[in-house]
Amino acid sequence: MKPDLIHFPRAFFNSAHLNGENVLHESKRLSELAGIFGDNMAFLQMDGSRLVYEVYSWAPVPQGTEGGLFFGLTHLFPGVVGDEYFMTKGHFHAIENRGEYYWCIQGEGLLLLMDKQRETRAERMFPGTLHYIPGFTAHRVVNTGSRVLRFGACWPSDAGYNYDPIVADGFSRRVKKIGNLPVLTSV
Ligand code: PAN
Ligand code: ZN
C-alpha cells in the first residue's frame, strides 16, 4: 500500500493563536527590558513581573538553516514606562542583510525602522497593514493604543538576532505619549 500522501497540518494560526509542533512560546516581562526605556526612575518603580509581550514562533526547520522561513505571532500589551509606550526590545538580524515581513492583526502602534546610519523612521500599524523590513534595519514595535497589539512576522531561518547595538545605544528616536497622542521624539 502507498503511504498516505495527505498529511494533517503541522501548525495552526489565527489572529490570536499559533499552535503546532516546534512552536516556541516566550514571555518578556518588564524586568527583562532594563535599560530599554528612557525613564529609569519610572521603570524602577514599576512591577518587574508585569508582562510586556509574548512571542510564539514556529521553527519548521532548525535555527540557522539557509533557505528556510520562520513564522511568529507577537502580543504586545498596552502600557507606559513614564511617558514612553510599551515596546519590543528591537534588533538587527545577526546576518544583517536578512529582511522580514510584519503585519498588524489587532490594535494600533508604530513600527520603528532604524538603518545603519541610525536614521529612524516609523510606519503606522493598524489591522491590515503589511510592513516590509529591509535588511540592515533594526526593527521595534511600539503599542500606542489601549488594546493588545497583535502582529505576525515571517523571517529567514538563518537571520538570527543581534540585540547588542540596541542594548548599547537604543534607537535614535523614542515614542512618547504626549497629551494622549504618540509623538516621535529624538533622544
Ligand atoms: C520578531 C520579534 C518579536 C519580539 O519575531 O523577535 O516580535 O521582538 P524582539 O525580538 O525585538 O524582542 C522578529 O522580528 N523576528 O526576527
Ligand atoms: Zn526580526
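Author: A definition comes first. Donors are N, O and S atoms within 2.8 Å of the metal (3.2 Å for Na, K and Ca), and water is not among the atoms, so sites may look incomplete. Four donors count as tetrahedral if all angles lie between 85 and 135 degrees; four count as square planar and six as octahedral if opposite donors are over 155 degrees apart and all others between 65 and 115; anything else is irregular. This is a predicted model, where local features need pLDDT of at least 70, side-chain atom pairs count only at pLDDT 80 or more, and totals for chains, interfaces and linings use all residues. Residues are numbered from 1 along each chain as written, chains are lettered from A and ligands numbered from 1 in written order, and side-chain values use heavy atoms, without hydrogens and water.

Reader: Which arrangement do the donor atoms around the zinc ion (ligand 2) make?

Author: His 91 (NE2), His 93 (NE2), Glu 100 (OE) and His 139 (NE2) coordinate the zinc ion at 2.1 to 2.3 Å. Six donor atoms surround the ion, and their angles run from 74 to 173 degrees. Therefore the arrangement is octahedral.

Reader: Are His 91 and Glu 100 buried or exposed?

Author: Buried means under 20% relative accessible area, exposed over 50%, partly exposed in between (1.4 Å probe, protein chains only). Both His 91 and Glu 100 fall in one class: buried.

Reader: How far is the side chain of Tyr 102 from an oxygen atom of ligand 1?

Author: Tyr 102 is among the residues that come nearest to ligand 1, out of 15 around it (a heavy atom within 4 Å). Thr 74 has a side-chain N or O atom 2.9 Å from an oxygen atom of ligand 1. For an N or O atom in the side chain of Tyr 102, that distance is 2.6 Å.

Reader: What is the order of the six strands in the open sheet?

Author: Strands are DSSP runs (E, at least two residues), numbered from the N terminus. Two of them pair if DSSP finds at least two bridges between them. Strand 5 (residues 69–76) and strand 13 (residues 149–156) pair over eight bridges. The sheet is antiparallel, and its order is 3-4-5-13-8-11.

Reader: Why is Gln 63 called exposed?

Author: Gln 63 lies in the loop between strand 4 (51–58) and strand 5. Gln 63 counts as exposed because of its relative accessible area: 51%.

Key
Helix = DSSP H or I, 4+ residues; strand = E, 2+ residues; numbered from the N terminus. Polar contact = N/O pair within 3.5 Å; in protein donor to acceptor, adjacent residues only side chain to side chain.
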